[in-house]
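Good morning, and thank you for joining the group meeting. I would ask you to keep the sequence and the model in view while I speak.

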Amino acid sequence: MKRSVLLQKVFLVVIVALVLAALCTGAVYNVISHTLFAGIKSAELLPKARVLSQLLAQEGDSKKAGAMLSFMRSHEELLGGYFVITDADGQMMIGNDDIDAEIFSSMDNIVARVLKGEEVSAYSTQTVANIQIVGVGVPVTREGAICGALLIFVPLYETMAAVRGLNSALLISILIIMPLTVLLVYLVIGQIIKPLKQMRDVALAMAGGDFSIRADADQSGEIGQMAASLNYLSRELSHTISELTIERNRLKQSVDSLREGFVSINSEGDVTYTNPALLELFPQGDPNAGRRMALIGDETIWAAFDTAVARKQTSVKDITLGGRVIRATISPVSNEKGCTVGAVGLFSDITESERLERTRRDFVANVSHELRTPLTALRGLIEPLRDGMVRSEEARVRYYNIILRETLRLSRLIDDLMELSRLQSGRLSLECGKVDMSIIVEDLAEKYTSTAADKAQTFTLTPPPDQWPCVMANADRVEQILVILLDNAMKYTPEGGRITLSVEKEGGKAVLRVSDTGVGIAEEDLPYVFDRFYKADKSHTGSGSGLGLSIAREILQQMGENITVTSEKGRGSTFSFTLPLAVSVPAVKNAPNE
């Protein structure tokens, strides 16, 4: 297990502090011990000196004084040091045998002070024969007058001899107490560090996403407060991250459910997110070209992304891809400080909206054209009649017939537009029932056989009417669809051509087909033949409004069916649509309305 660095540092600091404290204590002790013990020694000698001074002052004759001094010289251990006695002039009268004139002369300043009546003590700075001494000096007075001086002293090293034993005891006690102190400090610091280590583990768990773990907040003092604060932080972070996660998932779900493609990049231009719709809009490119080009293989798009990041500009760009028109809206993304941190792009497939817009424009143009043609003809006929330019009755009748024909053409155009509008709006209800197709096709065969003969064409019905099945549909609308398809077939089939109306059963459906051997439809026109007013003849010089096939498709869609076309230019066309086969329901026997 990895050792605690904090524990090591605190422990090292405490050890260093203890060592420094011991060293400082020793240094201070070494400095003050001389003065301290000198003062103790002088305090011990001073009472003795005073007593001896009084005894010397009381001795009346020299014989008695000499006896006492002789006793002091021979028993100096009773004094605890050396002594010197001077007369009133400062001349040594008597002293220990070891004290010679040289030693005494170095004590002149002390003697002078004592003879002035001053008691001198603890003069450890005084050096006698290169030896520091500790002692006292008191004056000897007799009958109120100073008659001499008494000095008692010892060398400082003798005084400090007793201190050495104390120093040894102190050193031994430090050596014994230091390890115990270190051990105690280690244990105490370990107990202090333990909750900090637990809080560290809590912080690491929070960083890893685990907000359930808690620190021990029962500790007293600042550590307990810190643990409580950490627990509060953990709860708040858990709540905040939970909210952010919910918002992120909600946003991700929203982006992923968009029909538009979405891609985001960071400030370095790296792709950070895409939604599934983007992969459907763009085919996957070469993965070796980098992620960006593999995702969208158009350099201009990525240049627009880089521009959005660099210049904080929103751009809108339309690109054509595989016959589709895709609009890209690229916007920069800023942080709370206003700095650009990336860009997002929204890609919309506007092919259908563009087609609808084009259809709307074409519709307006086609309606205008279809209305203008008969109106122009009517105006050209009415103005000569108004101005009296048509004089013969035969010409006037011819003009009236043309006006009637153009008026009927306008009426049919308007009727077709209204019919188509009702079908597309869903307001027209189609009631379906069982329809006997043999009745419908028998009437149509009779009508179109003669019409085809008049145009030198051949009309064929396959199979015969009595073999046609019954279907579930609206009889009138089925006939309307067949009339539209047969009229178009005869219109675009030249003389000698053939028109065929046939039916086949496929599963539960009856597939009706109208085929011709006419001019056919170009491949590029096939997707648009069911659009309103669409004609292969762009000049719209041919007859018809171009609404028939649109009406047929809308009718079939209302009945839940569909219509398709196959064609080859110059070889004819085939229109096919399906109707559900009818079972066990009485057929509708009434003939469709003419």
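Let me begin with accessibility: a residue is called buried under 20% relative accessible area, exposed over 50%, and partly exposed in between, with a 1.4 Å probe and protein chains only. Val16 has 39% relative accessibility and therefore counts as partly exposed.

Two remarks on provenance. The model is predicted, so local features need pLDDT of at least 70 and side-chain atom pairs count only at pLDDT 80 or more, while totals for chains, interfaces and linings use all residues. Residues are numbered from 1 along each chain as its sequence is written, and side-chain values use heavy atoms, with hydrogens and water left out.

Val16 is located in helix 1 (residues 5-58); helices are DSSP runs of H or I with at least four residues, strands are runs of E with at least two, and both are numbered from the N terminus. Together with Leu12, Val19, Leu20 and Leu23, Val16 makes a nonpolar surface patch of about 450 Å². Patch members have over 30% relative accessible area and no salt bridge, with nonpolar side chains (Val, Leu, Ile, Met, Phe, Trp, Tyr) joined within 5 Å and like charges within 9 Å. The areas come from the Shrake-Rupley method with a 1.4 Å probe, and a salt bridge is a side-chain nitrogen of Lys or Arg within 4 Å of a carboxyl oxygen of Asp or Glu.

I turn to the aromatic rings. Rings of Phe, Tyr and Trp (its six-membered ring) pair if their centres lie within 6.5 Å; planes under 30 degrees apart are stacked, over 60 edge-to-face, and the rest tilted. By this rule there are six aromatic pairs. In one of them, Phe262 and Tyr273 are tilted, at 6.5 Å centre to centre and 55° between the planes. Phe262 belongs to strand 7 (residues 261-266) and Tyr273 to strand 8 (residues 271-274), so this pair ties together parts eleven residues apart in sequence. Phe262, at 16% relative accessibility, counts as buried, whereas Tyr273, at 23%, counts as partly exposed.

Phe305 and Phe347 form another tilted pair, with 6.5 Å between centres and 35° between planes. Both residues are buried, and Phe282, Trp302, Phe305 and Phe347 form one aromatic cluster.
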